[in-house]
Amino acid sequence: MPAADVRETGARPAPLVATLALGTTTLSLLQSVVVPVLPQISAQLDVSVSAAGWVLTANLLAAAVSTPVLGRLGDTRGERPVVLGVTTVVAIGTLLALVTESLPLLLLARVLQGLSFSLFPLSISVLRRELPAARLGVAMSVVSSMLAVGGVVGLVAAGVFARGDGDYRQPFWIILGVLVAYLGAAAWVLPRRAPTASGRVDWAGAGVLAAGLVLLLLPVSQGNAWGWTSPGTLGCLAAAAVVLPGWVLLQRRLAEPLVRPTMLTDPRMLLPNVAGLMTGMGVFVSFLIVLQVVQAPPALAGYGFGATVLEAAVVYLLPGGVVGTVLAPVAGRVVTRAGALPTLLAGGVSGLLGFALLAVSRGEPWLVVVAGVLTQLWITIAFAALPALVVQAVRPEETGVANAVNSITRSFGSAVGSALTVAVLVHGTDPATGFPTASSVTAVCLVGVAAATVVAGLALAGVLTGRRAAGPSGAGTAGPTTAGGRSPVSGPR
């Protein structure tokens, strides 16, 4: 269905947006809720901390492998059946996580939960199909901002229900309830529509892509445990360097590829994908460094406030989540009126200021709160702008798989940000106190500054390129445009 025809479809915008926002909240909850309870998982399942870390890795690998396939299935089979099927599988995985007392079964549960990452690209496909252009920008902003907000809510939930010796399973009860509510709402709200794309799913290509992504993500997520120069780490990276280019060559030979190769090299897709990678880094760098700073005992570390996990989440992280939730619709209107690139630029600048403040001045609690709000605003604003950039760059029948690719870049960025933060802090740990030094904390903050600077720089370059293309009088544009000279929510004709 051409993008111009997506105007009056009979969809109920408010219930539709609320339902899809609930789905994206669920997937970010599933990603973040286990981070604070890894010590409890290790103790209660009687496994090492490094073994418990596979709870994060298994979820990430499953997401990377399944998201592009499920995004393509949504394009070719229709979003409604894929969304309902995925949600059912994720609910089964969550129920398994609640009842198991075995690490292998918990890892299986986390693999099943990893399918939830596909709910975001599927949601963007639904919005593009069902809503008129005037509503699309705000709707995508609200739905995508829940990725950032849900991460904070997950940390708070973990802090509330798994304090001290609390059972690590308790936060999963909340997630199961949300999943059941989402499944019912989705069955009621999501319309039955014919697929936007025809053809088949390239299962062979999906298998090769899955192998390449696993080979790439395994050493990134496990490098701190394996050693960055170990044979396993270097071998996986070398194999990924062979398999992933081979997958691109394979896609070029197919009439119906899983991902159109030119999509990966199109500058209009490169920009949101690189920005997504950097923003994904910012998510976990922000969470982890704020938790490190505020929980450190000042008498030993020389910095920090000795906060508990619950205090860290509620006092220092939750304000950013609340501000992000309130401003999400505003960010969507800014995307619609000013364009996605200027909005992304504002987000990058906010993140740069937040990490810079945290790097140079973190001696007072209110300063850390302000820094956390600024970095959370970056994430919320970027998540509002990125789907608009992706939607404008691809045909309607590619919306699901294109947003799936962008989701993978964000997930990979989160893995890189987490691994890099841990590596810097471990390397900078003072043997006498057992805590990272203040200089290593500053180094992590500068990583965040660098990531935000890349996002702001890309957005600024895109804005300037768009202005040069439009000319001094702006001829040839119609309303807010991006570097490609198109409306922030329109697709290529």
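Domain bounds, as used in this report, come from an automatic or database domain assignment. In this predicted model, the assignment divides the protein chain into the three parts listed here.

| Domain | Residues |
|---|---|
| domain 1 | 13-192 |
| domain 2 | 202-257 |
| domain 3 | 259-467 |

**Where domain 1 meets domain 2**

The C-alpha centres of domain 1 and domain 2 lie 24 Å apart, and the contact between these two domains draws on twelve residues from domain 1 and 13 residues from domain 2. The size of an interface is often given as the accessible area lost when the parts come together. For domain 1 and domain 2 the buried area is about 960 Å², with 80% of it on carbon and sulfur atoms. On the side of domain 1, the residues that lose the most area to domain 2 are Trp 54, Leu 61 and Val 65, which together account for 38% of what that side buries.

Between domain 1 and domain 2 the count of salt bridges is zero, while one residue pair is found in polar contact across their interface, both residues being at pLDDT 80 or more. Helix H4 (residues 54-77) supplies ten residues, the largest share of the side of domain 1 that touches domain 2. By residue type, that side of domain 1 divides into eight nonpolar, three polar and one charged.

**Aromatic pairs**

A search of the whole structure finds three aromatic pairs. One of them joins Phe 284 and Phe 287, whose ring centres are 6.4 Å apart and whose planes stand at 65°, so this pair counts as edge-to-face. Phe 284 and Phe 287 are three residues apart in helix H13 (residues 267-295), and therefore about one helical turn separates them.

Note on methods
Residues numbered from 1 in each chain as written. Predicted model: local features only at pLDDT ≥ 70, side-chain atom pairs only at ≥ 80, totals over all residues. Heavy atoms only, no water. Contact = heavy atoms within 4.5 Å. Buried area = accessible area lost by both parts, 1.4 Å probe. Salt bridge = Lys/Arg side-chain N within 4 Å of Asp/Glu carboxyl O. Polar contact = N/O pair within 3.5 Å; in protein donor to acceptor, adjacent residues only side chain to side chain. Helix = DSSP H or I, 4+ residues; strand = E, 2+ residues; numbered from the N terminus. Nonpolar A, V, L, I, M, F, W, Y, C, P; charged D, E, K, R; others polar. Phe/Tyr/Trp six-rings, centres within 6.5 Å; stacked < 30°, edge-to-face > 60°.
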